[in-house]
Amino acid sequence: MEPTAVISHVVIFGRPGSGKSSLAERLGADFGYTLVRTGELLRESVRRGDELGHRVDGLLRSGELVPDSLVNSVLEVELADSRDKTLLFDGFPRTTSQIPQLKRLETAFQFEVGCYLEIAVSRTVAVARMSGRRVCPACGATYHMSTKPPAHDETCDVDGAALEQRRDDRPEIIEHRQRVYEAYTDPILAFYRANEPAKVHSVDGALPFDVVYAETCRVLGRGGSTAEFPVQDRTSR
Ligand code: AMP
């Protein structure tokens, strides 16, 4: 197979529970991508208790989307020192109205997205993954009750704190977030498939993590295995 040219700036898409954030973290660690994660930036604001945090707290708890103007303001701050960085957006754009917002940011901060990457999993797989997730409130370590359980009950292996479920990983919120993803993000991918088809790729996110990672690396021209799991242009749900 032809070697793929290295793709610099990336937008990663995937349902809540698709594993996209773990992939993004590993890409950041291995290749120095700067992660631009709007969900995390908004949660940080809530933790800091700043004005933005107060405005978005309720929306985050209920799994509703935050207004575009507020998302834009966190991105403007985050991208202010983005020069010479290789960006990986996770969680943005989240609505079709954020597509032109990304274009504006590309112009303003002089970068160009080279790949829109979908990590495709079914709703059933995503929901099962999310309902098992637990996080340590003290150190932030993450667990999964079926795939990465703690050694003792629901306590952190590092510091023994009682593990918690993220508020937005509760069952009724999980279902809601899946519906929000389908309603808002599917049309974004459809837009890019129609308008920039060469930049859109889809990797089957139901495969084991290491396989998904290898495929993702291959798509991004960063090496990885190719033989057994060819990347598809679309993965059915
Ligand atoms: P995430 O961690 O990406 O799942 O995002 C968590 C929450 O942050 C979402 O449920 C939304 O409430 C909010 N959020 C994150 N990114 C965006 C965005 N681009 N537009 C609107 N809301 C967002």
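The following paragraphs describe the salt bridges of this predicted model and then the surroundings of its ligand. Residues are numbered from 1 along each chain as its sequence is written, and side-chain values use heavy atoms, with hydrogens and water left out. Because the model is predicted, local features need pLDDT of at least 70 and side-chain atom pairs count only at pLDDT 80 or more, whereas totals for chains, interfaces and linings use all residues.

Across the whole structure, a search finds 20 salt bridges, a salt bridge being a side-chain nitrogen of Lys or Arg within 4 Å of a carboxyl oxygen of Asp or Glu. One of them joins Arg37 to Glu25, with 3.0 Å between the closest N and O atoms. Since Arg37 belongs to strand S2 (residues 34-37) and Glu25 to helix H1 (residues 20-31), this pair ties together parts that are 12 residues apart in sequence. Helices (H or I, at least four residues) and strands (E, at least two) are DSSP runs, numbered from the N terminus. Glu25 is partly exposed, its relative accessible area being 44%; buried denotes under 20% relative accessible area, exposed over 50%, and partly exposed the range in between (1.4 Å probe, protein chains only).

A second salt bridge brings together the side chains of Arg123 and Glu182, at 3.0 Å from N to O. This pair links distant parts of the chain, 59 residues apart: Arg123 lies in helix H6 (residues 123-131) and Glu182 in helix H7 (residues 171-195). Arg123 is partly exposed at 28% relative accessible area, and Glu182 is also partly exposed, at 25%. Both residues take part in a network of salt bridges that links Arg15, Arg123, Glu175 and Glu182.

Arg177 leads from the salt bridges to the ligand. Its salt bridge with Asp169 has the closest N and O atoms 3.7 Å apart, and both residues are buried. Arg177 is also among the residues that come nearest to the ligand, together with Thr38, Glu64, Gly91 and Gln98, out of 14 around it; a residue counts as near if one of its heavy atoms lies within 4 Å.

Helix H2 (residues 38-48) supplies the largest share of this shell, four residues. In the side chain of Gln98, an N or O atom is 2.9 Å from a nitrogen atom of the ligand. The protein covers 95% of the 480 Å² of accessible area that the ligand has on its own, by the Shrake-Rupley method with a 1.4 Å probe.

Methods: A polar contact is a pair of N or O atoms within 3.5 Å; within protein, one must be able to donate a hydrogen and the other to accept it, and residues adjacent in sequence count only if both atoms are side-chain atoms.
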